[in-house]
Amino acid sequence: MTEQRLQERAQGKAAAPLSVAYTPISTLADLRAAAQLAIQVEFTTVPAYLTALYSITDKSSAAYQALRSVVVEEMFHLNQAANILVGIGGQPKLTGSVVPVYPAYLPSASTTATPYVGLYRASQAVFRNVFMAIETPAPFTAPPQGSDYQTIGQLYKALSDGIERCVEQYGPAAVFAENPAAEQRTDIYLGKFGGKAVKVTDADSAQLGIQQIVQQGEGAVNPTHPLVPQQPYGSYEHYGARTDGTYGPILGTPYELSHYYKFLRVADAPDFPDTLPIVSNPRVSDFTNATAVQAVEAFNIGYSVMLQSLEASFTKAGGAADSYFTLALPLMHNQLPTLANLLMQLPVFPDGDPAVGPNAAPTFEYVEGASFDGFLAALMALDKLLAGQGLPALLVAPVAPPAPPGPAPKHREALHGVIDGVRTLKSRSDAIGLGL
């Protein structure tokens with residue numbers, strides 16, 4: 001999709017007319033389904049953004065930092081959408097059939113007006129044609145749309161309207177009857193990015209949660225125009241938590257760019273950082289390097305365990321609510337990124353050159369029955385394959401410098417760190433009785 005078409009869509013001049021075929025949400029079951037759909041939409045963007053993020057070699061670059069901030073905020077959006085679902089009596093689902101299989105369109109999105117989301121090596125073309133298209137702002141007049149939506153904003157308009165309609169029909173007590181087996185999370189920590197999670201207990205808190213998601217993603221205003229353009233004391237240029245505990249425009253603070261405009265800045269930049277030579281939309285069946293195949297298998301098992309831990313963090317059963325900090329967050333921040341970096345430096349062919357590629361990349365596939373035991377076994381098998389390429393076996397001191405070919409010793413050391421970390425996480429999982 002060209003920049004002109006993206007800008008036309010942002011200004012309400014979409015080439016394809018906005019769909020008006022819309023069935024308003026009028027039952028509690030449909031309302032919960034809409035909240036679950038929002039979770040899946042946010043979820044679908046994360047592996048796509050992570051693949052591009054992991055492929056960027058310069059971690060200090062503007063492209064890397066912009067994309068990292070968006071990934072963190074998408075995880076915040078997922079959490080807030082999950083809070084909405086729990087607040088209206090549902091239970092967030094993040095495993096099994098809801099896990100996206102790439103490449104794919106956003107769940108229930110229009111296949112003619114939204115991008116085909118894949119796992120791509122980072123480039124300005126990907127930022128412009130895929131990432132900007134995902135985050136395209138809805139025109140002001142865009143109708144709500146529960147399915148076949150052309151922008152994510154339309155999806156949230158449908159959810160917002162559905163909350164209002166169901167409160168009118170059933171009363172607030174019936175709508176906001178929290179699932180007793182579920183748990184909202186307001187104590188999440190995502191670093192300096194993200195936002196302040198809202199506990200959903202009534203219509204106002206639910207709408208506030210939606211407002212934060214939409215403003216971070218699509219943006220509340222064009223960043224080149226302040227909300228209050230003419231004021232002697234400044235202008236309202238930033239949405240966020242205010243000192244009095246409310247949420248709204250903050251006076252005189254720098255405007256935080258929406259995801260769309262963060263991506264636009266990267267796409268329009270005069271240069272772009274180097275990237276690892278990975279294949280886009282990787283398929284394990286195309287790999288002939290056994291080490292790369294094993295690394296992908298290990299990553300997918302770890303990814304699946306992380307999703308199980310994250311899903312469990314929204315429940316109250318067996319102390320699993322603590323699984324966010326004890327299991328899911330360490331996997332997200334430590335083990336999986338390290339493993340992905342190693343994977344992206346393994347050629348897909350046995351005699352390939354990792355400096356030239358093509359190199360492997362995570363496929364983000366869900367593995368039924370994944371466990372920490374299975375993750376450890378896969379990691380140990382990967383270590384044996386690396387040892388067979390001329391590198392010392394795990395925890396055995398080398399008697400001589402490792403001989404090529406094979407990954408640099410620092411990659412083995414990183415793998416050893418992953419293995420040690422997973423062993424610790426397994427002990428934590430056993431201690432809280434999570435069954436992983």
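Let's start with cysteine 166, which counts as buried because its relative accessibility is 0%. Please keep in mind that what we are looking at is a predicted model. Cysteine 166 sits in helix α5, which covers residues 152–170. Who touches this cysteine? Setting aside neighbours within four places in sequence, cysteine 166 is in contact with Ile25, Ser26, Thr27, Leu28, Leu31, Gly171 and Val175. Take threonine 27 from that list: cysteine 166 and threonine 27 are 139 residues apart in sequence, yet their C-alpha atoms are 6.6 Å apart in space.

Now let me step back to the chain as a whole. How many helices and strands does the protein chain have? There are 12 helices and two strands. If you read along the sequence, the pattern is α-α-α-α-α-α-α-β-β-α-α-α-α-α. The protein chain has 436 residues, and buried ones make up 53% of them. For the contacts with a separation of 6 or more, 74% come from residues 24 or more positions apart. As for the surface, the accessible area of the protein chain is about 18300 Å², and 55% of that belongs to carbon and sulfur atoms.

On to helix packing. Two packed helices are described by the angle between their axes and by the distance between those axes. I have two pairs for you.

Helix α2 runs over residues 28–55 and helix α3 over residues 62–87; their axes come within 9 Å and cross at roughly 160 degrees. Angles over 145 degrees count as roughly antiparallel, so α2 and α3 are roughly antiparallel to each other. The crossing of α2 past α3 is left-handed. What classes of residue make the contact of α2 with α3? By class there are 19 nonpolar, three polar and four charged residues.

From α9, the residues making the contact include Ala292, Phe299, Gly302, Tyr303 and Met306, and from α10 they include Tyr324, Leu327, Met332 and Leu343. Sorted by class, the contact of α9 with α10 has 19 nonpolar, three polar and no charged residues.

Next, a tour of the loops, beginning with the one between α3 and α4, where α4 is 124–134. What is phi at serine 108? It is near 65 degrees, a positive value in a residue other than glycine. Serine 108 counts as partly exposed because its relative accessible area is 42%.

Another cis peptide bond joins glycine 357 and proline 358, and there omega is about 0 degrees. Proline 358 has its place in the loop between α10 and α11, the latter being 372–387.

Then there is the loop between α8 and α9. Asparagine 281 is in that loop, with a positive phi of about 45 degrees although it is not a glycine. Is asparagine 281 buried or partly exposed? With a relative accessibility of 25%, asparagine 281 counts as partly exposed. Alanine 269 lies in the loop between α8, which is 259–268, and α9. Alanine 269 is partly exposed, with a relative accessibility of 25%. Alanine 269 and alanine 63 are 206 residues apart in sequence, and their C-alpha atoms are 9.0 Å apart in space.

Let me finish with glutamate 183, in the loop between α6 (172–175) and α7 (203–217). How exposed is glutamate 183? At 26% relative accessibility, this glutamate counts as partly exposed. Along the chain, glutamate 183 and asparagine 83 are 100 residues apart, and 7.9 Å separates their C-alpha atoms.

Methods
Residues numbered from 1 in each chain as written. Predicted model: local features only at pLDDT ≥ 70, side-chain atom pairs only at ≥ 80, totals over all residues. Heavy atoms only, no water. Helix = DSSP H or I, 4+ residues; strand = E, 2+ residues; numbered from the N terminus. Buried < 20%, exposed > 50% of the residue type's maximum accessible area, 1.4 Å probe, protein only. Contact = heavy atoms within 4.5 Å. Nonpolar A, V, L, I, M, F, W, Y, C, P; charged D, E, K, R; others polar. Areas by Shrake-Rupley, 256 points an atom, 1.4 Å probe, with all protein chains shown as cover. Axes fitted to C-alpha atoms, helices over the stretch in contact; angles between N-to-C directions. Parallel < 35°, antiparallel > 145°, perpendicular 65-115°, else oblique. Left-handed = near helix turned anticlockwise from the far one by under 90°.
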